[in-house]
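User: Hi! Could you help me understand some of the labels used for this protein?

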Amino acid sequence: FVSKAIFDQVANSRMPTASEHAHDGMANGDCAGRNGSHTLEVEQRLLEWERRMGTLDEEGVTLQQMQFKLVRDQVTSLTRDVAALRQTELNRAAPELQRVD
């Protein structure tokens with residue numbers, strides 16, 4: 001299922017912490033440039049994550065609508081079958097009821 005795969009991918013990805021960002025920049029001796037590229041990377045990952053979560057939300061709504069329609073169809077079918085069974089029993093019992101009168 002696509003949305004589960006996307007959810008798993010997002011859930012398993014780890015965003016670096018602020019201290020990791022600062023440490024990376026200082027270790028490379030390029031605080032301004034390194035942090036700037038990290039900031040852009042983080043923003044891009046955040047935008048991708050938000051897009052994926054939006055997709056999951058949309059798929060969740062679609063799934064709920066499909067489930068509701070399925071339940072509604074099953075209830076309709078059950079109602080129809082019970083009515084047919086009731087009519088069959090009434091037809092079967094009709095001759096017996098006429099003899100009693």
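User: Why is Glu89 called partly exposed?

Analyst: Buried means under 20% relative accessible area, exposed over 50%, and partly exposed in between (1.4 Å probe, protein chains only). Glu89 has 36% relative accessibility, so Glu89 counts as partly exposed. Keep in mind that this is a predicted model, where local features need pLDDT of at least 70, side-chain atom pairs count only at pLDDT 80 or more, and totals for chains, interfaces and linings use all residues. Residues are numbered from 1 along each chain as its sequence is written, and side-chain values use heavy atoms, with hydrogens and water left out.

User: What makes Arg92 and Glu89 a salt bridge?

Analyst: The term asks for a side-chain nitrogen of Lys or Arg within 4 Å of a carboxyl oxygen of Asp or Glu. For Arg92 and Glu89 the closest N and O atoms are 2.8 Å apart, and the pair forms a salt bridge. Both residues lie in helix H3, 3 residues apart, about one turn of the helix. Salt bridges that share partners also join Glu48, Arg51 and Arg52 into one network.

User: Which distances belong to the bridges of Glu48?

Analyst: Glu48 meets Arg51 at 2.5 Å, N to O, and Arg52 at 2.9 Å, N to O.

Conventions: Helix = DSSP H or I, 4+ residues; strand = E, 2+ residues; numbered from the N terminus.
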